Amino acid sequence: MAAHSTLPANLRGAIRRSRHLCVLTGAGISAESGVPTFREAQTGLWARYDPGELATPEAFIRQPALVWRWYRWRRELVARVEPNAGHRALVTLAEHLPRLTLITQNVDGLHQRAGSTDVVEFHGNLFSEWCFAERRPVECASDEEVPTCAYCGGLVRPGVVWFGEEIPPLALDRAFKAAAECDVFLNVGTSSQVYPAASLAVTAKDAGAIVVEINPEPTADATRFDFVIAARAGRVLSELVDSLVD
Ligand code: BV8
């Protein structure tokens, strides 16, 4: 039996017996693929921009070309990396447990590239595009610096949710329903600073689920969690898989 030092036996047992496991991931699960976390210092050209500033509709209206340059830079960065053991472990867990709902705040699409299906993309996806005026997905044919919408001629934007914008209603509804009815909730690789995503763990706890934080660093008030596993997602989720398939 491999050592499962990061996960207490009672937690492993609760997950093994779970009817419905709900997992929320943040930038931390992609960190081991080499994708900088959201609040980590931006590298190079972007060192002088605050992501909280650029990821807003106001920034796009003011400087659409600059915002597109930022998102194209992130697309190229993500296209060069691979999903890691943490992403892959979630694919295996979904195959071995009765029900797993995967909700991600990440826009990098790495869960899908690892093989996860039916991912709830709470903040959209870096590689999709929306018509800015109508806020609906468009197939972006043009490769102009700031693409325009074939339907209305207006600007096309990256298909991600910016600060001050509502979460896509379907994603919001699915996420909070899963949090309210799961029996175990894993909060993985997120600083829990962004709402309403950070409310999902609270919803799960209020509904009686076992709530687990998986993060090498301490984050919000630890009292909201039944277990705090201070370790990296790749290691913890791989150990969880080993314990289930042993
Ligand atoms: C909304 C897409 C209402 C874009 C993102 C006060 C003022 C102004 C606004 C607000 C306010 N209070 C609340 C708000 C609302 C605001 C908000 O929460 N602001 C925060 C900053 C205070 N929220 C919103 O605006 C949301 N919308 O509220 O709408 C509304 C309702 C109806 C109608 C109209 C409006 C929308 C928020 C969505 C923003 N978009 N991303 C893009 O990516 O460009 S959020 C962005 O942050 C990313 O998606 C990211 O995923 C997300 C959360 O960050 P984390 O994933 O947690 O990443 P972070 O770097 O912070 O942390 C990484 C963690 O990983 C760390 O803890 C680290 O220790 C850990 N880690 C590192 N390595 C590992 C690891 N963990 C495990 N393993 C490892 N190896």
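Mentor: Helices (H or I, at least four residues) and strands (E, at least two) are DSSP runs, numbered from the N terminus. The model is predicted, so local features need pLDDT of at least 70 and side-chain atom pairs pLDDT 80 or more, while totals for chains, interfaces and linings use all residues. Residues are numbered from 1 along each chain as its sequence is written, and side-chain values use heavy atoms, without hydrogens and water.

Trainee: Which element gives the largest share of the lining of the second largest pocket?

Mentor: Rolling a probe the size of a water molecule over the atoms shows where empty space is left. Here α6 gives the largest share, four residues. The lining includes Leu90, Val91, Thr101, Asp118 and Arg174. Two or more lining residues come from each of α6 and β2 (100–104). A pocket is an open set of points on a 1 Å grid where a 1.4 Å probe fits, with protein on both sides within 12 Å along at least five of seven lines; lining residues have an atom within 4 Å of a point.

Trainee: Which strands pair with β4?

Mentor: Pairing takes at least two DSSP bridges. β4 runs antiparallel to β6 (residues 156–160) over four bridges, with cysteine 131 opposite valine 156. Two bridges join β4 to β5 (residues 136–137), also antiparallel, and tryptophan 130 has proline 137 as its bridge partner. Four residues separate β4 and β5 in a hairpin, where arginine 135 in the turn has a positive phi of about 50 degrees.
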